[in-house]
Amino acid sequence: MGIGGHKSPHGQISHPLFRVKLVALNTNDKEQRMASIVDTAVQAGTFKTLAQALTAADLVDTLKGSGPFTVFAPTDDAFQSLPADTLNDLLKPENKSKLANILKYHVVSGKVMSSDIKPGNVATVAGESISIQTQGQQVMVNEARVTKADIAADNGVIHVIDKVLLPKG
């Protein structure tokens, strides 16, 4: 047999290395849980500005909660395309409630996968509705295009968008 393996009376090969691998594959559910929406966004590396804004608005703990939530997450590039100084102004402590309202405008209650998205107006946790339009496989949220859908998290789902959504009110 060589390399420490031996044959059992039933013709099966037993090897300490294989037993270790089998034990490693037998993990419990807690170890296999996905990350929260916030942690998933941070790990992606393209939502640093969103993470900074969530922290400034004290919404991190909310979006790490049980949910489920659907987040239309603007990328760092989307935040950079805002008018000059808009982001810096929103991140100031005196604009915390305005920033929180804008961020909540990107969140819908429930876990809505792309296969479940239907055209129409959808209420956000900010209390205002966003407009969802579909053309073939393309999904638009207000004026933003969904560039990547169905990033699963343990408390919901993220759909990446290319613009920051700004509520009307």
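The structure holds one cavity of 30 Å³ or more, a cavity being a set of points, on a 1 Å grid over the protein atoms alone, where a 1.4 Å probe fits but cannot get out. The model is a predicted one, in which local features need pLDDT of at least 70, side-chain atom pairs count only at pLDDT 80 or more, and totals for chains, interfaces and linings use all residues. Residues are numbered from 1 along each chain as its sequence is written, and side-chain values use heavy atoms, with hydrogens and water left out.

The largest cavity contains about 40 Å³ of space; volumes are the space filled by probe spheres set on the grid points, which are joined across faces, edges and corners. Its lining (residues with an atom within 4 Å of a point) consists of Ile-37, Val-38, Ala-41, Leu-50, Leu-54, Leu-63, Val-71, Ala-73 and Ile-158. By class, these are nine nonpolar, no polar and no charged residues. Here Ala, Val, Leu, Ile, Met, Phe, Trp, Tyr, Cys and Pro count as nonpolar, Asp, Glu, Lys and Arg as charged, and the others, Gly among them, as polar. At least two lining residues come from each of helix H3 (37-44), helix H4 (48-56) and strand S3 (69-74), and H3 gives the largest share, with three. Helices (H or I, at least four residues) and strands (E, at least two) are DSSP runs numbered from the N terminus.

Six of its six residues are buried, so S3 is largely enclosed by the rest of the structure; buried means under 20% relative accessible area, exposed over 50%, and partly exposed in between, with a 1.4 Å probe and protein chains only. Phe-69, Val-71 and Ala-73 point one way from S3, while Thr-70, Phe-72 and Pro-74 point the other way. Strands pair if DSSP finds at least two bridges between them. S3 runs antiparallel to strand S4 (residues 107-109), with three bridges, and parallel to strand S9 (residues 156-161), with six bridges. Phe-69 has Ser-109 of S4 as its bridge partner, and Val-71 has Ile-158 of S9.

Within S9 lies His-159, which is buried at a relative accessible area of 0%. The side chain of His-159 reaches the backbone nitrogen of Asp-150 at 3.1 Å. Beyond four places in sequence, His-159 touches residues including Thr-70, Phe-72, Val-112, Met-113 and Val-146, where contact means heavy atoms within 4.5 Å.

Pro-68 sits in the loop between helix H5 (60-63) and S3 and is partly exposed, at 41% relative accessibility. Leaving aside neighbours within four places in sequence, the contacts of Pro-68 are Ser-109, Gly-110, Lys-111, Asn-155 and Gly-156.

Turning to H4, the buried residues there include Thr-49, Leu-50, Ala-51, Ala-53 and Leu-54. Among the elements covering the buried residues of H4 are H3, H5, S3 and helix H6 (76-80). Just after H4, Asp-58 takes a positive phi of about 55 degrees.

The largest pocket holds about 180 Å³ of space; a pocket is an open set of points with protein on both sides within 12 Å along at least five of seven lines. Ten residues line the largest pocket, and Leu-90, Lys-98, Ile-102, Leu-166 and Pro-167 lie nearest its centre. Helices H7 and H8 are the elements that give two or more residues to this lining, and H8 gives the most, with three. The lining of the largest pocket divides into six nonpolar, three polar and one charged residue.

Methods
Polar contact = N/O pair within 3.5 Å; in protein donor to acceptor, adjacent residues only side chain to side chain.
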